[in-house]
Amino acid sequence: TLVLHVGKLALLSASLQLARIQTDSIVEMLRELYPDLRFEIVAMSTTGDKILDTALSKIGEKSLFTKELENALERNEVDLVVHSLKDLPTSLPPGFTIGAVCKRENPLDAVVFHPKNCGKTLSLLPEKSVIGTSSLRRAAQLKKKFPQLEFRDIRGNLNTRLKKLDEKEDFSAIILAAAGLKRMGWENRIGQLLSPEDCLYAVGQGALAVEVRAKDQEILNMVSALHDVDTVLCCIAERAFMKRLEGGCSVPVAVNTMLKDGQLYLTGAVYSLDGSDSLKETMQTSVNYPQRNEDGPNDDVQHVGITAKNVPGQAQEAAENLGVELASLLLSKGAKHILSVARQLNDAR
């Protein structure tokens with residue numbers, strides 16, 4: 001039998017729980033599709049998980065959560081690696097590609113309240129309440145919307161953050177991705193879902209990605225069955241937007257996408273660190289194209305790191321162009337200045 005080794009992002013501290021759950025869910029789908037194959041899960045930990053006491057935006061290493069896993073892929077120790085798509089840079093190192101983007105979980109941000117604030121919303125918290133978030137994107141948007149609240153860094157994996165919230169009096173609430181809470185089975189802790197009006201989400205948030213060796217045709221073909229067409233198109237547009245802006249963990253860039261009746265709508269925004277300065281625009285494009293059998297030289301065209309043969313090529317191109325055009329529009333209105341100031345201030349913190 002062919003044994004496939006699935007690399008998984010293992011966290012050092014309070015276990016590999018979320019990474020393990022995410023990997024298990026992918027392996028489960030693959031087992032259903034390919035009952036004759038054997039899948040073995042290999043656990044590893046990454047730099048991003050080891051530096052838990054530093055704000056993410058300060059570490060500045062783009063491939064923080066992915067380097068060790070890619071090394072294992074390159075050495076053929078594993079055949080596929082499961083990531084949260086939002087952890088994957090918009091340009092992957094040569095030789096790697098995202099071979100599958102699975103159906104997106106709820107991409108919104110969620111507020112988890114300290115037990116004493118149960119039943120409240122952010123607007124009902126007392127003035128000067130401290131909110132924990134390690135994300136510049138969330139902090140920038142929420143500072144603008146809730147100037148009466150204070151925002152502070154909180155690092156660690158989900159377990160650690162919830163523990164810090166519940167067991168100490170430092171935070172009145174923390175902001176986390178709804179998707180992670182749901183996957184962990186902690187949906188009951190969500191006190192408030194932040195609508196896109198309150199807080200646009202991160203590029204790729206809520207979607208799982210399977211990274212593979214770009215030249216490994218057999219494995220590429222196998223995992224491509226996991227692609228969810230709508231999620232692929234939304235995430236290509238989001239990633240193209242971010243790439244054109246040269247955004248990353250160290251600047252506040254946010255998005256919201258919607259696919260309806262063959263039209264893809266992308267809202268994108270950039271913010272100063274305190275949220276006082278921002279640019280936000282929405283554009284749309286048609287992604288209503290038939291699937292053509294495009295065998296031949298451009299069989300494996302990557303769009304912002306994603307290889308999706310079973311998604312119409314013209315639709316992928318349209319999605320990528322949408323992201324690039326929206327970013328260009330924001331750049332023409334001064335996005336570069338907002339982002340470079342944000343980057344400098346963040347570096348100086």
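**Helix packing and salt bridges**

Helix α9 passes helix α10 in a right-handed crossing (the near helix is turned clockwise from the far one by less than a right angle; helices are DSSP runs of H or I of at least four residues, and strands are E runs of at least two, numbered from the N terminus). The contact (heavy atoms within 4.5 Å) involves, among others, L233, I236 and F241 of α9 and A319, L322 and L326 of α10. By class, this contact comprises 14 nonpolar, 3 polar and 2 charged residues, with Gly counted as polar and Asp, Glu, Lys and Arg as charged. The two helices, residues 229-245 and 313-332, pack at about 35° with axes 7 Å apart; axes are lines fitted to C-alpha atoms over the stretch in contact, and angles run from 0 to 180 degrees between N-to-C directions.

The model is predicted, with local features requiring pLDDT of at least 70 and side-chain atom pairs pLDDT 80 or more, while totals for chains, interfaces and linings use all residues. Residues are numbered from 1 along each chain, and side-chain values use heavy atoms, without hydrogens and water.

The whole structure contains 15 salt bridges (a side-chain nitrogen of Lys or Arg within 4 Å of a carboxyl oxygen of Asp or Glu). R20 and D24 form one at 3.2 Å, N to O; both lie in helix α1, 4 residues apart. E105 and K182 also pair at 3.2 Å. E105 lies in the loop between β4 and β5 and K182 in helix α7, so this pair ties together parts 77 residues apart in sequence. K182 is partly exposed at 38% relative accessible area (buried is under 20%, exposed over 50%, partly exposed in between, with a 1.4 Å probe and protein chains only).
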